[in-house]
Amino acid sequence: KQWYQRRVAITAGGSAQENYLGLIKEMLFASLNDPDHPNVRFSAIRATCAFLTGLEEAEAKLHFSEFVKPMLKGVEDCVIAEDDDGPLKSFVELAEKMPKFLRPGVDQLIEFALRVIANTNFADNWRQLVLELVITICESAPAMI
């Protein structure tokens, strides 16, 4: 019952969201860094992207900047596994809406993207999605590249 009450408060937004921001961060960060359960990490990427796109970019950078590297690691693992493209698609959407939020990990992201795009062992749809991520960042925040 307590989990349900927290869930209702989190989805209510506004001041309830502010009251539970620490708990939200803790749950998302723990899930993004779960080494034993990749599907938990992949779901956490989707959830984190969805949550962040509801915030102002400045607020997201202030409270969630330490999430960029574990999110990128999870996206990399997702692409390597070629299992579920949802986390990568969510990351593309985040890059479109908040490109500057990704600034702390842009070098890592570009290096990874170049490796994937150049590797013909990856399926074309994965390579195209990774290319879309790079193009989105280039169009949304060209000064970062």
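Me: A nonpolar core is a set of buried Ala, Val, Leu, Ile, Met, Phe, Trp, Tyr and Cys residues joined through side-chain atoms within 4.5 Å. In the largest nonpolar core, which residues touch the most other members?

Reply: This is a predicted model, and its largest nonpolar core has 42 residues. Helices H3, H4, H5, H6, H7, H8 and H9 are the elements that give two or more residues to this core. The members that touch the most others are Leu52, Val79, Phe91, Leu94 and Phe101.

Me: Which residues does Leu94 touch, not counting residues up to four places away in sequence?

Reply: Leu94 is one of the core residues that touch the most other members. Leaving out residues up to four places away in sequence, the residues that Leu94 touches are Cys49, Leu52, Thr53, Met71, Pro99, Phe101 and Leu102.

Me: Is H7 roughly parallel or roughly antiparallel to H9?

Reply: The axes of H7 and helix H9, residues 124-140, lie 8 Å apart and form an angle of about 10°. Angles under 35 degrees count as roughly parallel, and therefore H7 is, relative to H9, roughly parallel.

Me: How do the residues of the contact of H7 with H9 divide into nonpolar, polar and charged?

Reply: On the H7 side the contact includes Leu88, Lys89 and Phe91, while H9 brings residues including Trp126, Leu129 and Glu132. The residues of this contact divide into 9 nonpolar, 2 polar and 3 charged.

Me: Is Asp83 buried or exposed?

Reply: Asp83 sits in the loop between helix H6 (68-81) and helix H7 (86-97), and among the residues it touches are Asn39 and Trp126. Because its relative accessible area is 52% and the cut-off is over 50%, Asp83 counts as exposed.

Definitions and conventions: Residues are numbered from 1 along each chain as its sequence is written. This is a predicted model: local features need pLDDT of at least 70, side-chain atom pairs count only at pLDDT 80 or more; totals for chains, interfaces and linings use all residues. Side-chain values use heavy atoms; hydrogens and water are left out. Helices (H or I, at least four residues) and strands (E, at least two) are DSSP runs, numbered from the N terminus. Buried means under 20% relative accessible area, exposed over 50%, partly exposed in between (1.4 Å probe, protein chains only). Contact means heavy atoms within 4.5 Å. Axes are lines fitted to C-alpha atoms, for helices over the stretch in contact, and angles run from 0 to 180 degrees between N-to-C directions. Angles under 35 degrees count as roughly parallel, over 145 as roughly antiparallel, 65 to 115 as roughly perpendicular and the rest as oblique. Ala, Val, Leu, Ile, Met, Phe, Trp, Tyr, Cys and Pro count as nonpolar, Asp, Glu, Lys and Arg as charged, and the others, Gly among them, as polar.
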